Amino acid sequence: MRHPKILTSVLATALGAGLTLSLGVAPAAAGQPAERTAAGTPYAAYAGSAEEAKANQAFFDAVVKSVAKKRAAAPGAAAVTVVYSAASAPTFRTQIARSAQIWNSSVVNVRLVEGSNPDFAYYEGNDSRGSYASTDGHGGGYIFLDYRQNQQYNSTRVTAHETGHVLGLPDHYSGPCSELMSGGGPGTSCQNPNPNAQERARVDQLWRFGLASAVKVG
């Protein structure tokens with residue numbers, strides 16, 4: 001979640017080629033992927049670039065592949081379990097737990113659980129580029145939460161938004177405050193940390209029916 005707008009780019013991470021989705025402007029920690037900004041563009045008018053749209057699709061495709069693997073491993077499960085670790089983001093433990101609770105009460109086909117051997121982890125620090133979600137394209141990844149941005153924006157909204165990327169939702173820069181994935185678009189006054197009905201349905205559909213699509217993708 002970037003301030004004053006959500007920014008997305010495909011970048012190389014310290015672990016190899018990675019896909020990164022972000023919302024808000026935050027600070028550059030060593031080893032963290034860099035992101036480009038659209039300098040001078042007011043958040044109210046920002047609609048996202050073609051490159052960012054491409055990154056959204058690439059990130060989504062990576063999540064779909066992850067869904068395929070998890071569904072194949074537990075074909076009869078009512079919900080796919082996605083394990084996360086908050087150990088490296090102690091400052092935001094409350095917001096992370098609340099974000100997981102929000103998503104677990106909003107959807108039925110995927111469940112977020114804190115535990116060992118996680119599918120993704122949360123990290124915290126200072127980064128002028130903002131908070132963001134990153135995937136390696138193979139089902140692994142992390143969410144970075146920036147201190148400054150989480151002071152400017154509703155911190156639970158930032159965390160739930162970035163978690164939404166892990167669950168397969170793209171940024172939608174021009175959406176209203178009632179839309180979680182509009183991120184920083186509505187401005188710092190937006191306090192809504194909950195996905196709307198369309199976002200909830202999209203996540204459920206992906207984690208229930210994503211297998212067929214994932215097989216086509218590879």
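User: How many helices and strands are in the protein?
Analyst: This is a predicted model. The protein has 5 helices and 7 strands.

User: In what order do the elements run from the N terminus on?
Analyst: The order is β-β-α-β-α-β-β-β-β-α-α-α.

User: Let's look at helix packing. What describes two packed helices?
Analyst: The angle between their axes and the distance between the axes.

User: What are those values for H2 and H4?
Analyst: H2 covers residues 93-106 and H4 covers residues 155-166. They pack at about 55°, and their axes lie 9 Å apart.

User: Why are H2 and H4 called oblique to each other?
Analyst: Their angle is about 55°. Roughly parallel needs under 35 degrees, and roughly perpendicular starts at 65. The pair is therefore oblique.

User: Is the crossing left-handed or right-handed?
Analyst: H2 crosses H4 in a right-handed way.

User: Which residues make the contact?
Analyst: From H2, they are Gln95, Ile96, Arg98, Ser99, Ile102 and Trp103. H4 brings Ser155, Thr156, Thr159, Ala160, Thr163 and Gly164.

User: And how many of them are nonpolar, polar or charged?
Analyst: The contact of H2 with H4 has 7 polar residues, 4 nonpolar and 1 charged.

User: New topic: the whole protein. What percentage of the residues count as buried?
Analyst: There are 218 residues, and 53% of them count as buried.

User: What about the accessible surface?
Analyst: It comes to about 9,300 Å² for the protein. Carbon and sulfur atoms hold 55% of that.

User: Last one. What share of the contacts links residues 24 or more positions apart?
Analyst: That share is 67%, taken over contacts with a separation of 6 or more.

Note on methods:
Residues are numbered from 1 along each chain as its sequence is written. This is a predicted model: local features need pLDDT of at least 70, side-chain atom pairs count only at pLDDT 80 or more; totals for chains, interfaces and linings use all residues. Side-chain values use heavy atoms; hydrogens and water are left out. Axes are lines fitted to C-alpha atoms, for helices over the stretch in contact, and angles run from 0 to 180 degrees between N-to-C directions. Helices (H or I, at least four residues) and strands (E, at least two) are DSSP runs, numbered from the N terminus. Angles under 35 degrees count as roughly parallel, over 145 as roughly antiparallel, 65 to 115 as roughly perpendicular and the rest as oblique. A crossing is left-handed if the near helix is turned anticlockwise from the far one by less than a right angle, and right-handed if clockwise. Contact means heavy atoms within 4.5 Å. Ala, Val, Leu, Ile, Met, Phe, Trp, Tyr, Cys and Pro count as nonpolar, Asp, Glu, Lys and Arg as charged, and the others, Gly among them, as polar. Buried means under 20% relative accessible area, exposed over 50%, partly exposed in between (1.4 Å probe, protein chains only). Accessible areas come from the Shrake-Rupley method with a 1.4 Å probe; for residues, only the protein chains shown count as cover.
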